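The plan is to pick a few spots, look each one up and jot down what turns up.

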Amino acid sequence: MRREKKDQILAVLPEKIRGILLNHGLDFEKIQEIRFREEQPLAVKKEGKEELFTHRVTKEELRETMEYVSNYSLYAYENELRQGFLTIEGGHRVGISGKIISEKEQIRNFQYITSINIRICHEITGCANKLFPVILEKGRLCHTMIISPPGGGKTTLLRDLVRQISDGNRWVEGRNVGVVDERSEIGGCYRGVPQNQLGMRTDILDNCPKAEGMMMLVRSMAPEVIAADEIGTAKDVEAIEYAMHCGATMLTTVHGSGMDEIREKPLVSNLVKERCFARYVVMKSGKHVGEIEGIYNERGEKLCI
C-alpha cells in the first residue's frame, strides 16, 4: 500500500530536518519545494512563497538524504543522476546539482552533490474540466499547446487532460493515449510504475527523449493522442509534425508568458505560423499558479478566459 504524501517525503529527510518541519506543523499538501544547499539555510516553498529556516544544511545531511533517496545505492541510479534528478515514491522529483564528472562532453556522474531540491508532486483532479468544451470541435479533440512560465502549473494541467481523455468523460469517449515522459514529471514513475493517475488507456515511455519516444509510440502503440511536456528542440518539432501527419492528436507544453513570446521563439514559432495547433492554453504568471489567462485558436484569437 502506498504511503501518504507526508510519509513519502519524511522518509527521505535527515532526522534533524524532519524534526524541524514537523515542529513547524507544515502542511505537506501545500509545500511545493524543499531545498538543501550546503552550509546555507534550509528553504521551503509553499503556495508560491519561500520560507527560510535558521538551520544550515550540512554536508552530512546532503549525503544522508541521497542515501535515503537512492535506497543506499547511488550506483543503481547512475542513468537518472546524469539528468540531474531522481524520482521517489509518490512521483516526487529530487533534483541535484554540484560538481559534474564529464567524459567526451557528456555528463557521466556527479563527484560532489552540494544542492538538493525536492519538488513535491501535487495532482489536482478535475483541473482540466474547463478546457474540454473549448478544445473539442464537433467531437474531435484539437491539437493543443499549453503555455506557461516555469512552475505555472502546465504539467499538472497536462496530466489531468491525459487522465480524463484516457478514461473518458462526459465530453469525450476514452481514447488510447501515449505519454513520453522525458523528465518523469507527468507520470512520476517510481521503479517503472506511474505514481500519478494517467488513466486506464494510457501507455507511458518514462525517462525517454521526447522526439524518439513520440516516433516509437506512433510505430508501436497506435495512440490516438500523444502527450509530451516542454518541447523546444528541432527534433521535438519534427516528431510532433510526424505524429500529426500519422493521425495522432498532440497535447504538449512549452515555457512562455503568452502568445506574443511563443511567436518569437525559434522552432516553436514555426508551429504557430503553420497553424499546426488549433488551441493554445495560456497560464497566468506570477502567483496565479494553475490559473488560465486565456484560450486561443490557431490564428491567435482569444476564445475565452
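**Starting at Ile-96**

Leaving out residues up to four places away in sequence, I find Ile-96 touching Met-66, Leu-81, Gly-84, Phe-85, Phe-110, Ile-113, Ser-115 and Ile-116. A reminder to myself before going on: this is a predicted model. Ile-96 belongs to strand S5, which covers residues 93-103. Is Ile-96 buried or exposed? Its relative accessible area is 10%, so I put Ile-96 down as buried, the cut-off for that being under 20%. I also checked a pair here: Ile-96 and Asn-117 are 21 residues apart along the chain, and their C-alpha atoms are separated by 6.4 Å.

**The chain overall**

Next I stepped back to look at the whole protein chain. I count ten helices and 18 strands in its secondary structure. The radius of gyration comes out at 20 Å, close to the 19 Å that the globule rule gives for 305 residues, so the chain is as compact as a globular protein of that length. Along the principal axes, the C-alpha trace spans about 60 × 45 × 40 Å. How much of the chain is buried? My note says 49% of the 305 residues. I then looked at contacts between residues at least 6 apart in sequence, and 59% of them join residues at least 24 apart.

**Two helices side by side**

I wanted to see how H7 and H8 sit together. H7 takes in residues 210-220 and H8 residues 234-245; they pack at an angle of about 15 degrees, and their axes are 8 Å apart. Angles under 35 degrees count as roughly parallel, and H7 and H8 are therefore roughly parallel to each other. The crossing of H7 past H8 is left-handed. Which residues make the contact? On the H7 side I list Lys-210, Ala-211, Met-214, Met-215, Val-218 and Arg-219. On the H8 side they are Lys-235, Asp-236, Ala-239, Ile-240, Tyr-242 and Ala-243. Sorted by class, this contact of H7 with H8 has eight nonpolar residues, four charged ones and no polar ones.

Pro-133 lies in helix H5, residues 132-135. I get 53% relative accessibility for Pro-133, so it counts as exposed, the cut-off being over 50%.

Leu-136 is in strand S7, residues 136-137. With a relative accessible area of 14%, Leu-136 is buried. What does Leu-136 touch, leaving aside neighbours within four places in sequence? I noted Leu-141, Cys-142 and Trp-171. As for that Trp-171, it is 35 residues from Leu-136 along the chain, with 8.2 Å between the two C-alpha atoms.

**Arg-201 in its loop**

I found Arg-201 in the loop between strand S12 (193-194) and strand S13 (202-206). Its relative accessibility is 31%, so I file Arg-201 as partly exposed. Apart from neighbours within four places in sequence, Arg-201 is in contact with Ser-166, Asp-167, Gly-168, Gly-174, Arg-175, Asn-176 and Val-177.

Last, the backbone angles. Most residues other than glycine have a negative phi, so I wrote down two exceptions.

- Glu-39 is not a glycine, yet its phi is positive, at about 65 degrees. I place Glu-39 in the loop between strand S1 (31-37) and strand S2 (41-46). At 45% relative accessibility, Glu-39 counts as partly exposed.
- Glu-230 is not a glycine either, and its phi is positive at about 55 degrees. Glu-230 is in the loop between strand S14 (225-228) and H8. Is Glu-230 buried or exposed? With a relative accessible area of 17%, I mark Glu-230 as buried.

Notes: Residues are numbered from 1 along each chain as its sequence is written. This is a predicted model: local features need pLDDT of at least 70, side-chain atom pairs count only at pLDDT 80 or more; totals for chains, interfaces and linings use all residues. Side-chain values use heavy atoms; hydrogens and water are left out. Axes are lines fitted to C-alpha atoms, for helices over the stretch in contact, and angles run from 0 to 180 degrees between N-to-C directions. Helices (H or I, at least four residues) and strands (E, at least two) are DSSP runs, numbered from the N terminus. Angles under 35 degrees count as roughly parallel, over 145 as roughly antiparallel, 65 to 115 as roughly perpendicular and the rest as oblique. A crossing is left-handed if the near helix is turned anticlockwise from the far one by less than a right angle, and right-handed if clockwise. Contact means heavy atoms within 4.5 Å. Ala, Val, Leu, Ile, Met, Phe, Trp, Tyr, Cys and Pro count as nonpolar, Asp, Glu, Lys and Arg as charged, and the others, Gly among them, as polar. Buried means under 20% relative accessible area, exposed over 50%, partly exposed in between (1.4 Å probe, protein chains only). The radius of gyration is taken over C-alpha atoms; the globule rule is 2.2 Å times the number of residues to the power 0.38.
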